[in-house]
Amino acid sequence: MNIVREQREENNSLIRVTVGEADYGQEVEKSLREYKRKANIPGFRPGMVPMGIIRKMYGKGVVAEQSYRKASNAAFEYLQKEGIDYLGDVIPSEEQGAFDFDNNTEFEFVFEIGEAPEIKLELSDKDKLTYHKIKVDKKMHDDYRANYLRRYGRLVDAGEVASDEALTVTLDNGEMNVADAYVGLISMSEEERKPFLGKKVGDKMQVNINELYKNPAQRAACLQVKEHELEGIKPEFELEITKIRKFAEPELNEEFFKMAFPEGNVKSAEEFEKFIDAQIESELRRESDYLFTLQVRDYIVKKAALKMPEAFLKRWLYTINEGKFTMEEIEKDFDQFLKMFTWNYLQKHFVKTDNLSVTKEEALAEAKALAAAQFAQYGMPSAPDDMLNGYAEKILADKDQGQKIYEKLFETKVVDAVRSKIKVSEKAVSADDFAKLAKEL
């Protein structure tokens with residue numbers, strides 16, 4: 001066996017591996033004996049097919065398979081022995097010549113690698129970034145407060161439609177009469193609510209049910225029919241309001257605090273307002289952390305200025321995707337891919353040099369927080385701890401979800417490591433200005 005490395009463009013080289021019968025012959029014979037043992041050919045008992053026939057039927061393919069496997073393993077062993085760090089994977093080279101497995105016994109396999117660039121990155125307080133903190137304004141506070149209290153409020157009768165009330169109506173189009181139909185204005189836009197504003201119980205109006213509810217499922221629910229029964233129903237209805245109900249916030253009394261905060265951490269109206277601000281700040285901090293992560297990523301990628309083997313990476317992407325994407329499609333999104341690929345490579349550098357790790361307990365805590373957020377979305381803001389723990393275990397056990405959690409936690413630790421090395425100043429900005437910054441990144 002002979003192995004030769006040839007440098008091509010910067011950070012890109014070929015590994016030429018020449019193998020002969022002495023290298024792969026033993027594996028070929030072993031594979032052919034296995035074919036002989038399993039062969040089921042008419043006229044021969046199982047396992048008794050002459051080796052000459054087996055060799056004629058399978059020999060060429062087995063030689064191709066075993067010689068390639070021997071060469072491929074040799075290339076990986078060479079890279080490991082020489083301490084050559086490479087990106088992506090080892091792929092067959094475009095310079096690979098043709099093979100004559102019928103007549104030759106010696107074959108040259110040509111592999112291509114993209115060499116990993118050396119990272120020379122020194123960080124100090126001369127490197128500066130800004131952490132943008134979103135200001136909590138009154139509207140933000142009031143909106144979050146109203147949404148939070150809605151979980152514990154109730155519907156009460158109202159005199160007229162003022163904004164997002166819940167209506168009980170009768171719908172009649174001459175062919176169909178639907179009593180006690182529900183029309184929820186809260187799910188409508190301000191423009192869609194306009195025709196209802198100022199209406200009182202007993203008022204009538206003309207509506208087109210297809211325009212009122214463009215979603216077939218909502219339309220069927222309102223008309224109290226199955227979705228497949230909608231076809232043929234005349235959409236123009238006279239709507240008569242029979243009941244108007246609005247949301248009433250709960251009183252901030254002892255009963256409310258015991259129900260909403262069974263742990264006793266909030267016991268007064270003043271503490272409740274502080275709790276609302278703390279919740280908003282917690283959610284906004286996640287937004288700020290995310291934006292800062294993007295800033296760190298862009299800054300470190302630019303400062304490192306790594307020379308990546310771009311041509312190789314494009315060929316690698318094409319090869320591993322087995323033709324699912326054309327080179328033109330890969331070229332189109334390559335800049336974004338290269339930025340993320342470089343950032344991931346730099347993250348591994350920080351993980352190694354700063355000795356960063358993620359424990360199972362940290363991953364479970366992150367999975368538990370994710371589970372709690374999912375339960376809150378479905379109206380369970382205070383799911384039992386044992387239920388959250390069970391779901392957290394399931395999330396981590398899922399290969400894709402578990403990997404995403406570990407990747408997120410490692411990225412967080414890398415960002416924290418970078419932050420500890422550079423100078424970071426905080427700046428309070430409005431939600432609108434923050435959104436502009438996020439859009440730019």
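Start by selecting Asn344, Tyr345, Gln347, Lys348 and His349: of the 22 residues lining the second largest pocket, these lie nearest its centre. A pocket here is an open set of points on a 1 Å grid over the protein atoms alone, where a 1.4 Å probe fits, with protein on both sides within 12 Å along at least five of seven lines; lining residues have an atom within 4 Å of a point.

Before moving on, know that this is a predicted model: local features need pLDDT of at least 70 and side-chain atom pairs pLDDT 80 or more, while totals for chains, interfaces and linings use all residues. Residues are numbered from 1 along each chain as its sequence is written, and side-chain values use heavy atoms, with hydrogens and water left out.

Now colour helix 11 (334-353), which brings twelve residues, the largest share of this lining. (Helices are DSSP runs of H or I, at least four residues; strands are runs of E, at least two; both are numbered from the N terminus.) Strand 3 (86-92) and helix 14 each supply at least two residues as well.

Next stop: the largest pocket. Pick Ser282, Arg286, Ala369, Leu370 and Ala373, which lie nearest the centre among its 44 lining residues.

On to the charged pairs. Select Arg16 and Glu6, whose side chains meet in a salt bridge at 2.8 Å, N to O (the cut-off is a side-chain nitrogen of Lys or Arg within 4 Å of a carboxyl oxygen of Asp or Glu). This pair links distant parts of the chain, with Arg16 in strand 2 (residues 12-19) and Glu6 in strand 1 (residues 2-7). Arg16 counts as buried at 15% relative accessibility, while Glu6 is partly exposed at 24%.

For another pair, zoom to Arg37 and Glu34, bridged at 2.6 Å, N to O. They sit three residues apart in helix 1 (residues 21-38), which means about one helical turn separates them. Arg37 is exposed at 52%.

Last, select Arg245 and Asp157, where the closest N and O atoms of the salt bridge are 3.7 Å apart. Here strand 10 (residues 236-248) is linked to strand 6 (residues 154-157), across 88 residues.

Technical notes:
Buried < 20%, exposed > 50% of the residue type's maximum accessible area, 1.4 Å probe, protein only.
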